[in-house]
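Please report on the strands, cores and pockets of the structure shown here.

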Amino acid sequence: MVGTGRTSSSLVLIVAALVTVTYAAAAGQDGTNGRRPAPPQIDAPGATRQSPPPPAPVPPNRCLAVGTLLSSVEGPDRATVRVRLPGRPGDALSTLELRIVRQRPAHEDKESLCVPASTLTVLAPRANRRAAVGKRVEVELELLGTTAARRWWLHGLRLVNESIPETPRGTP
């Protein structure tokens, strides 16, 4: 009987420990908050983890567009722009918001990434363009940078006749 008592008391202790662990897991006291841990990620045999490709230059992309100048503000500082821009490093910049009405590629053999009915944030050399805000403008834009960071750059802007009709998407 003595041997049986020890076995049964050991069994009771084991069951009690299992109940305690189960209760703690259900109550979230084990750090999982009652959730099952995610299964470990196992790569296929022989598989290697690939890092993303390094940034590559954007393809040459220049367009002539007609749109509405929504805003023109001073800034940002060239140090905050992660794209190499034309001009001298000390030159001040303006940020323009431009709603594109119609566009066409500047070079007929290249596709334009400037999309009608889109609003673009465009960087430009600082100039007072506040008189043009809300008016129809004709612009020449170039996409600069890499696949990691890119910006539209303004090469030229002029006011156009307000009566230019909007054309369907994709029509120059």
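## Valine 66 and its surroundings

In this predicted model, valine 66 touches Ile100, Val101 and Arg102, as well as Arg136, Val137 and Glu138, when residues up to four places away in sequence are not counted. Valine 66 is part of strand β1. The C-alpha atoms of valine 66 and arginine 136 are separated by 7.0 Å, although the two residues are 70 residues apart along the chain.

Is valine 66 buried or exposed? Its relative accessible area is 4%, and the limit for a buried residue is under 20%, so valine 66 counts as buried.

## Strand pairing

β1 and β2 are paired in the antiparallel sense, with eleven bridges between them. Within β2, arginine 104 is the residue that stands opposite leucine 64.

β2 also runs antiparallel to β3, and these two strands are joined by seven bridges. Here leucine 93 has proline 125 of β3 opposite.

## Nonpolar cores

The largest nonpolar core has 18 residues, and the members that touch the most others are Leu98, Cys114, Val122, Leu141 and Trp152. Two or more residues of this core come from each of β1 (62-74), β2 (93-105), β3 (119-125), β4 (136-145) and β5 (150-159). β4 gives the most, with four residues. In soluble globular proteins, nonpolar side chains tend to be buried together.

Which residues are in contact with tryptophan 152, leaving aside its neighbours within four places in sequence? Tryptophan 152 contacts Asn61 and Cys63, then Leu113 and Cys114, then Leu120, Thr121, Val122 and Leu123, and finally Leu141, Glu142 and Leu143.

## The largest pocket

The largest pocket has a volume of about 160 Å³. Ten residues line this pocket, and those nearest its centre are Leu64, Ala65, Val66, Arg104 and Glu138.

At least two lining residues are supplied by each of β1, β2 and β4. By class, the lining has five nonpolar residues, four charged residues and one polar residue.

Methods
Residues numbered from 1 in each chain as written. Predicted model: local features only at pLDDT ≥ 70, side-chain atom pairs only at ≥ 80, totals over all residues. Heavy atoms only, no water. Core = buried A, V, L, I, M, F, W, Y, C linked by side-chain atoms within 4.5 Å. Buried < 20%, exposed > 50% of the residue type's maximum accessible area, 1.4 Å probe, protein only. Contact = heavy atoms within 4.5 Å. Pairing = 2+ DSSP bridges. 1 Å grid on protein atoms, 1.4 Å probe; cavity = no way out; pocket = protein on both sides within 12 Å on 5 of 7 lines; lining within 4 Å. Points joined across faces, edges and corners; volume = space filled by probe spheres on them. Nonpolar A, V, L, I, M, F, W, Y, C, P; charged D, E, K, R; others polar.
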